[in-house]
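User: Can you take me through the cavities and salt bridges in this one? Start with whatever term I'll need.
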Amino acid sequence: MMRLLVPVSSAHSRLVKQLLTKTTTSVDIGSLHSTGIQSFVKVVGGFPARSMSSAVPVVQERQLQIGSHSVHYVEAGRGDRGVILLPGALGTAWTDFKPQIERLPALLPHHRIIAWDPPGYGKSRPPEKEFGLDFFERDASAAGELMQKLGFQRFSIVGWSDGGITGLVLAANHPEQVEALIVWGSNSYISDTEVKIYEDIRDVRKWSTRMREPMEQVYGVDYFPKLWSAWVDGLIRIYHERKGDICSGKLKHITAPTLVVHGAKDPMIIPEHVPYLLNNIKNTDLHVFPEGKHNIHLRYADEFNGIVARFINEQHT
């Protein structure tokens, strides 16, 4: 059964505007045919952010050989259970997950938080990234191998954007390894509209300074535009040569309890991806940030961390 978990506030998104109420209730959303959600869902209050511990978590940075890459990862916390944070396109542990590395250990004291630079990104170079048709598959395989080598036979996945796609692939290919899956800003296929989005953001000179500078600091002013353009080319190649299918056919193999978190104003993915994931993954919940965009885990870090921690902890109660 799929539940819809939303904070109690007004929303302007077509996806959520008929679902928000001031009290816990059941809502028939069969009329939302355009979203693809054709069921009853339970609307409950959003998870409150838990109080933050003032203790600074133990954070270590290491390298581990995975295939041809010396993979850089950050480890925080002392628990014996594992959580891996999978960053977005060109993202690294620190550029994409600083609030999670610093604050999730207090909320998940029985877990170690692992955040990595995927092969070819950040400090997991050389060799440089290659965006072949199977690059999500290769990243998923590497992430699973990393966690196995760190001693986690089973673990939870928290994946953003491209990292969410990597998480979907890993959870589908190795369902026996995944205890819980949380994804946001992610899609399992590429639409015509998204091809246009990718082309529109290809030229990084058009980006805001705030968005561009962190990537320039990681990759350099000259190399970053080349790597980003190669990423765009890779997705467009998937669109043409695989008819846009990234991992849609795999979703039915995911058995882990899954939480889809959605920023209702996310400009990077079209709204239809949310109901598609809900309808094609078993045992799925949805939490909506009505005013959220693509980086909800950074913009609403404490609330987001509370949601993630509660969902993961629920799998062990």
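Analyst: This is a predicted model. Buried means under 20% relative accessible area, exposed means over 50%, and partly exposed is in between.

User: Is Asp139 buried or exposed, and why?
Analyst: Asp139 has 6% relative accessibility, so Asp139 counts as buried.

User: Which residue does Asp139 form a salt bridge with?
Analyst: Lys129, with the closest N and O atoms 2.6 Å apart. Lys129 sits in the loop between β7 and α2 while Asp139 is in helix α2, so the pair ties together parts ten residues apart in sequence. Lys129 also counts as buried, because its relative accessibility is 10%.

User: What is the lining of the largest cavity like by class?
Analyst: Eight residues are nonpolar, three polar and two charged. Helices α2 (135–149) and α3 (162–173) each supply at least two of the lining residues.

User: Back to salt bridges. How many in total?
Analyst: The count is 18. One of them joins Lys123 and Glu61, at 3.8 Å from N to O. That pair links distant parts of the chain, 62 residues apart: Lys123 is in the loop between β7 (111–116) and α2, and Glu61 is in strand β4.

User: And what about Arg205?
Analyst: Arg205 pairs with Asp203, the closest N and O atoms being 3.0 Å apart. Arg205 is exposed at 70% relative accessible area, and Asp203 is partly exposed at 23%. Elsewhere, salt bridges with shared partners join Arg62, Glu75 and Arg112 into one network.

Conventions:
Residues are numbered from 1 along each chain as its sequence is written. This is a predicted model: local features need pLDDT of at least 70, side-chain atom pairs count only at pLDDT 80 or more; totals for chains, interfaces and linings use all residues. Side-chain values use heavy atoms; hydrogens and water are left out. Helices (H or I, at least four residues) and strands (E, at least two) are DSSP runs, numbered from the N terminus. Ala, Val, Leu, Ile, Met, Phe, Trp, Tyr, Cys and Pro count as nonpolar, Asp, Glu, Lys and Arg as charged, and the others, Gly among them, as polar. A salt bridge is a side-chain nitrogen of Lys or Arg within 4 Å of a carboxyl oxygen of Asp or Glu. Buried means under 20% relative accessible area, exposed over 50%, partly exposed in between (1.4 Å probe, protein chains only).
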